[in-house]
Amino acid sequence: MQGLHLTADLYDCRGADGLMTDAAALAELCRRHTIGVGLTLVDEKWYPFPPYNGQPGGVTGMLLLAESHLAVHTWPERRAVTLDVYVCNFTTDNSAKAEALLREIVAAFEPGRSEIHRLQRGSEQRPPAETILEALNDEGDAVYGYTSSERVLSRRSPYQTIELMRTPRFGLAMRIDGHFMTSEGEEFYYHECLVHPAAVAHGAPRRVLIIGGGDGGAAEEVLKHRSVERVVMAELDGDVVAIAKEHLRAVHRGVFDDPRLEVRIGDGLAFVAETTERFDLILLDLTDPETPAGSLYQEPFFRSLKRILNPGGAVVLHTGTPVFEPQQVRRINAELRAVFEQVHPFGLYIPLYGAYWGFAIASDRLQPRALDEATLQARVAALPDLQYYNAEVHPALFALPTCYRKLVQPQEGDATAAPKGCCAEAALA
């Protein structure tokens, strides 16, 4: 019973008019392509419908295959066709043959529009894949996604819904309130670049505050710097930490056992308001600005952070995707500039987030682009187990595409209006 089931609904079919009404021609087409892709024909049955109300009748038919079947039904009066291909994959994977057969028959009808669906059936040996889609902006006009073979966990904490999905591409992936957060297979893109550009530029950070970051990935990267004596993680949701400890060791690599890390469960905003500590780096490893964490991406909170920074310290945060959230990226950078003498935007593609992603380092003194090559090489060489960040990548992160540079450069009055997308701005420039 394990197999692949393909269905196709074809509309506005422009080609091969005879196939709609000629059972013999349609049968010959199906036989030829079935044998051509390597499937085994066992028997067949075709039936032409008589004309109705002056309209030609369609054709229905089926090929019985050793692997299962192909079924076709035509509606010439609607210029529409339905197709159904099923192959058993119990001893041999026939999926590629089924896909090729469907593709050939669809092409013969030249549809103006088609809807194709794929269903993995018989989950005892291979669980059916679930496609998880996520919008890239509030408008929902751009989406991306990954397949998941298993929902490992779904838990409603006092603050949010936390899910763990097992994905073929990246292993276990954590989602919070329907948004991908981190995964075993590509977490280093985000975590290494959140931490190392600022930490390397600083040279000797001793005390680091992470607001959020309950998966432990950022803390693990921070503690690769030998100078670090203390890390405080102010994470709102204790369930995120508990789930990460149990399931996401590939992300945090046991960092929660490091005595230099103190985990403080509670409101990060309240921690900043109440603490008397001072930090060399503050990392905002938060959910997106459109979530309840939104107040932590605003000027009043940035001023609170500045109060607890040591001289020469910096704040690092992600700002969203300049392509799909340009207004948000522009606003956050403008509000950082209202507080700090220097704001250094940078960016990279984050696979799990489906887009080029913006970050910023904000400081009164720290200049991450001013390191000489010898110093940069020496500091990066001291960091173990890097998978994305290196001495050549460091300056490249700050080499912004023109559209992104225009988006974050100071505006007259620092107006936060932005075009529909930064790439659209580049196209118009």
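Isoleucine 210 stands opposite leucine 283 in strand 16. This is a predicted model, in which local features need pLDDT of at least 70 and side-chain atom pairs count only at pLDDT 80 or more, while totals for chains, interfaces and linings use all residues. Residues are numbered from 1 along each chain as its sequence is written, and side-chain values use heavy atoms, with hydrogens and water left out.

- Strands (E, at least two residues) and helices (H or I, at least four) are DSSP runs, numbered from the N terminus.
- Strand 16 covers residues 279–285, and seven of its seven residues are buried, so the rest of the structure largely encloses it.
- Buried means under 20% relative accessible area, exposed means over 50%, and partly exposed lies in between (1.4 Å probe, protein chains only).
- Strand 13 (residues 207–212) runs parallel to strand 16, and five bridges join them.
- Two strands pair if DSSP finds at least two bridges between them.
- Strand 16 also pairs with strand 17 (residues 309–320), in the parallel sense and over five bridges.
- In that pairing, phenylalanine 279 stands opposite leucine 309 in strand 17.
- From strand 16 the chain passes through helix 9 (residues 299–307) to strand 17, a right-handed β-α-β crossover.
- Right-handed means that, with the strands pointing away from the viewer, the path from the first strand over the helix to the second runs clockwise.

**Cysteines**

- A disulfide is a covalent bond between the sulfur atoms of two cysteines.
- The structure holds zero disulfides, counted as pairs of cysteine sulfur atoms within 2.5 Å.
- Cysteine 13 is in no disulfide, and the nearest cysteine sulfur, that of cysteine 30, is 13 Å away.
- Cysteine 13 is buried, at 0% relative accessible area.
- Cysteine 403 counts as buried too, with 7% relative accessibility.

**The cavity**

- A cavity is a set of points on a 1 Å grid over the protein atoms alone where a 1.4 Å probe fits but cannot get out; lining residues have an atom within 4 Å of a point.
- The count is one cavity of 30 Å³ or more.
- The largest cavity holds about 30 Å³ of space, a volume filled by probe spheres set on grid points that are joined across faces, edges and corners.
- Its lining residues include Met181, Glu186, His191 and Tyr353.
- Strand 12 (179–183) and helix 4 (187–202) are the elements that give two or more residues to this lining.
- Helix 4 supplies the largest share, three residues.

Methods
1 Å grid on protein atoms, 1.4 Å probe; cavity = no way out; pocket = protein on both sides within 12 Å on 5 of 7 lines; lining within 4 Å.
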